[in-house]
Amino acid sequence: MSHDIFTETISDRNQLSVPPSEQDHLQGSLKAKVVLVEYGDYQCPQCGKLHALIQTIQNHLNAACSQQNNLCYIFRHFPQPQIHPYAQKAAAAAEAAAAQEQFWQMHKVLLQHQLALSDGHLAEYAHNLGLDVTQFVRDIVRKVYADSISRDVTSGKHSGVLSTPALFINGVRYRNALELEPLLAAIAKSNNSP
């Protein structure tokens, strides 16, 4: 069976369509040897597990290497409201927190409390993080970040993302098991590439 460009499906795409930039939410430097991009959904159970895994990998790499420039981690929104009714609002909550310099703090809270993402919970998390809750709620209600979230989703779709979590290592789709050893091996392989 021949395979040409006309028979390619979205899920066949393996390249990141929008390169990482300073506009992304990132931990680390874009100059790192390995740039790991995740498309995630705050209500997706696998994304919650992956969050813990990525934290373990970051800690492992920081402990193993004296250089702190080995890994840059980027999170992009890919809410799937058709199966996760709170995902879109949770993404908006992360963006509203980012406007107050607390993206990663809210990101962590949302992934640790995936079963509690109602409006009241989001306001409580904002309060606990010391955010201006009035501004936070206003931003969510006015859908201030809808376009930004939509851009992430579109870039994910153009990269072949159909579901979450989806990972790209140095721009190439990672399709192996979301477990510590295979993911570390893929990162190490990319880290040693010229």
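Two strands pair if DSSP finds at least two bridges between them. Keep that in mind for this predicted model, where we start with the sheet.

Five strands make up an open sheet, running in the order 1-3-2-4-5 with mixed pairing. At the edges sit strand 1 (25-27) and strand 5 (172-174), each of which pairs on one side only. From one strand to the next, the twist averages 25°.

With strand 3 it pairs in the parallel sense over 7 bridges, while with strand 4 (residues 166-169) the sense is antiparallel, over 4 bridges.

| Helix | Strands touched | Angle with the direction of strand 3 |
|---|---|---|
| Helix 3 (residues 103-112) | strand 1 and strand 3 (71-77) | about 70° |
| Helix 6 (residues 146-158) | strand 2 and strand 3 | about 110° |

**The nonpolar cores**

Now for the inside. The largest nonpolar core has 44 residues, and the members that touch the most others are Leu110, Phe136 and Leu183. Helix 2 (residues 87-98) gives the most to this core, with 8 residues. Another core lies apart from it, made of 12 residues, including Leu16, Ala32, Cys72 and Ile74.

Which residues does phenylalanine 136 touch, leaving out those up to four places away in sequence? They are Ala93, Ala96, Ala97, Gln100, Met106, Leu122, Ala123, Ala126 and Leu131.

**Helix 4 against helix 5**

Phe136 also turns up where helix 4 and helix 5 meet. Two packed helices are described by the angle between their axes and the distance between the axes. For helix 4 (residues 119-128) and helix 5 (residues 133-141), the axes come within 9 Å and cross at roughly 140°. The crossing is right-handed. On the helix 4 side, Leu122, Ala123, Ala126 and His127 do the meeting, and on the helix 5 side it's Val133, Phe136 and Val137. Sorted by class, this contact has 6 nonpolar residues, 1 polar residue and no charged ones.

Some backbone details are worth a look. Threonine 164 and proline 165 are joined by a cis peptide bond, with omega about -10°. Proline 165 is in the loop between helix 6 and strand 4.

Then there's lysine 143, which has a positive phi of about 55° although it is not a glycine. Lysine 143 is found in the loop between helix 5 and helix 6. Is lysine 143 buried or exposed? With a relative accessible area of 63%, lysine 143 is exposed, because exposed means over 50%.

Asparagine 170 has a positive phi too, near 50°. Its place is in the loop between strand 4 and strand 5. At 35% relative accessibility, asparagine 170 counts as partly exposed.

Key: Residues numbered from 1 in each chain as written. Predicted model: local features only at pLDDT ≥ 70, side-chain atom pairs only at ≥ 80, totals over all residues. Heavy atoms only, no water. Core = buried A, V, L, I, M, F, W, Y, C linked by side-chain atoms within 4.5 Å. Buried < 20%, exposed > 50% of the residue type's maximum accessible area, 1.4 Å probe, protein only. Helix = DSSP H or I, 4+ residues; strand = E, 2+ residues; numbered from the N terminus. Contact = heavy atoms within 4.5 Å. Axes fitted to C-alpha atoms, helices over the stretch in contact; angles between N-to-C directions. Left-handed = near helix turned anticlockwise from the far one by under 90°. Nonpolar A, V, L, I, M, F, W, Y, C, P; charged D, E, K, R; others polar.
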